[in-house]
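Dear colleague,

Please find below the structure that I am handing over to you. My notes on it follow.

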Amino acid sequence: MSDMQSAAIVVLMTAGSREEASRLAEMLVGAHLAACVQILPEMESVYRWKGAVHREPEILLLAKTTAACFDELEREVRALHTYDKPEIVAVPVTHVSIPYFEWITSNAFPPLVSRQAHEGAAAPAAEEEGQ
């Protein structure tokens, strides 16, 4: 994986309810598309939609992941989200502690080939524990 693909990013997303935010967070962490998703308390968003200014309560999610996971993360969030055009904004991480970065990359990894490599590496240890 190139350095750009393994780069840590934080993905900002909003949801219309705490329940939707929880569903998105559980899906992302469960699918290894994010190592961690923080769900912040309700906030007020002011935005323009279809020519009018709106004020609505929203929930902000912060997902810690890698650039390699972004495309699948975006697809999965769009598939589950109730908004027509959900906010899904990635911000690069310019500095991060090595242990935290290693934790992110060992818990959020791109689909298919890399996921199979992670699961294959974990299989022998799991078999040994069961013996």
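Leaving aside its neighbours within four places in sequence, with which residues is H81 in contact? They are T14, A15, E20, L24 and P86, where contact means heavy atoms within 4.5 Å.

Please note that this is a predicted model, in which local features need pLDDT of at least 70 and side-chain atom pairs count only at pLDDT 80 or more, while totals for chains, interfaces and linings use all residues. Residues are numbered from 1 along each chain as its sequence is written, and side-chain values use heavy atoms, with hydrogens and water left out.

H81 lies in the loop between α3 and β5 (88-92); helices (H or I, at least four residues) and strands (E, at least two) are DSSP runs, numbered from the N terminus. With a relative accessible area of 8%, H81 is buried (buried means under 20% relative accessible area, exposed over 50%, partly exposed in between; 1.4 Å probe, protein chains only). A polar atom of the H81 side chain lies 3.0 Å from the backbone nitrogen of Y83.

Turning to helix α2, the buried residues are E20, A21, L24, A25, M27 and L28. Seen down the helix axis, these fall within an arc of 165° (taken from the directions from the axis to the C-beta atoms), so they line one face of α2. They pack against β1 (8-15), β2 (36-39), β4 (52-66) and α3 (70-80). The face turned away from this buried side carries the exposed residues E19, E26 and G30. Just after α2, H32 takes a positive phi of about 60°.

Yours sincerely

Terms used. Polar contact = N/O pair within 3.5 Å; in protein donor to acceptor, adjacent residues only side chain to side chain.
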